[in-house]
Amino acid sequence: MFRKLRVIEIIAVLIFILGLSFFAFSQELTSKTLLKGRVSVEVPTTWEVEEIEDSFVSLMPSSQERIGVFISLLDLNANLEEEKKKALSEIKENVDATSAPIMVNSGKVTLGDDLEAMAELYNFSTDKGEKGNIALYFGKSKNSAFIIAVLGEEKDFDRFRDLLMRVVGSIRFMAVQPASTQQPTPTQQPVPTPQPVPAPQP
């Protein structure tokens with residue numbers, strides 16, 4: 001978990017030093033099945049998708065937007081409260097925040113397939129005077145624990161909130177059955193149309 005979350009924080013640093021462009025947010029969404037079939041998500045067509053170590057996904061604009069969505073799959077028995085604290089501590093370190101991110105709201109939300117999760121919204125400021133938002137969604141599906149991090153500079157986070165919540169709302173965690181040598185793989189059922197997930201409000 002430490003290694004994967006460090007990837008999130010490194011990406012966050014890169015996002016915050018880039019300039020803003022609107023191009024990537026004007027595109028349609030496309031469906032992606034990732035991490036060997038364990039995750040599906042709807043992503044803007046111009047975003048870059050990277051899978052790391054079969055348990056981490058980064059979703060970022062291919063242009064220069066200061067925003068991103070990151071998905072980390074954990075062991076089903078992971079202590080999510082501890083993992084969340086570690087993630088926030090590393091975010092503070094890697095974005096040069098002047099202090100620990102401050103939680104401004106929290107509550108329960110429903111993700112895709114009626115999966116319940118906790119959502120927490122944080123604000124932070126950097127040494128350069130930049131302000132940012134972090135929305136964390138964390139919980140457990142039938143097969144794994146997960147943390148979804150949505151990161152962005154404050155003004156961009158607010159401007160593109162609806163799109164980001166569409167991406168988060170489209171995420172599905174799926175069971176992967178062992179391959180059978182005797183029977184063909186069943187046809188995959190259509191994924192329901194993703195619905196926006198309410199973002200924690202300040």
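User: How many bridges join strand β8 to strand β9?

Analyst: This is a predicted model. In it, β8 covers residues 131-140 and β9 covers residues 145-153, and the two run antiparallel. The number of bridges joining β8 to β9 is nine.

User: Which strands stand at the edges of the open sheet?

Analyst: The sheet has seven strands in the order β3-β4-β5-β9-β8-β7-β6, with antiparallel pairing. A strand at the edge has a single partner strand, so one of its sides is left without a neighbour in the sheet. The strands in that position are β3 (47-52) and β6 (102-110).

User: At about what angle does helix α2 run to β8?

Analyst: Helix α2 is made up of residues 80-94. It lies across β5, β7, β8 and β9. Its angle to β8 is about 160°.

User: Is K131 exposed, partly exposed or buried?

Analyst: K131 is found in strand β8. Buried means under 20% relative accessible area and exposed means over 50%. The value for K131 is 46%, so this residue counts as partly exposed.

User: With which side chain does the side chain of K131 make a polar contact?

Analyst: Leaving aside neighbours within four places in sequence, K131 is in contact with F124, S125, E153 and E154. A polar contact needs a pair of N or O atoms within 3.5 Å. At 3.4 Å, the partner of the K131 side chain in such a contact is the side chain of S125.

Technical notes: Residues are numbered from 1 along each chain as its sequence is written. This is a predicted model: local features need pLDDT of at least 70, side-chain atom pairs count only at pLDDT 80 or more; totals for chains, interfaces and linings use all residues. Side-chain values use heavy atoms; hydrogens and water are left out. Two strands pair if DSSP finds at least two bridges between them. Helices (H or I, at least four residues) and strands (E, at least two) are DSSP runs, numbered from the N terminus. Contact means heavy atoms within 4.5 Å. Axes are lines fitted to C-alpha atoms, for helices over the stretch in contact, and angles run from 0 to 180 degrees between N-to-C directions. Buried means under 20% relative accessible area, exposed over 50%, partly exposed in between (1.4 Å probe, protein chains only). A polar contact is a pair of N or O atoms within 3.5 Å; within protein, one must be able to donate a hydrogen and the other to accept it, and residues adjacent in sequence count only if both atoms are side-chain atoms.
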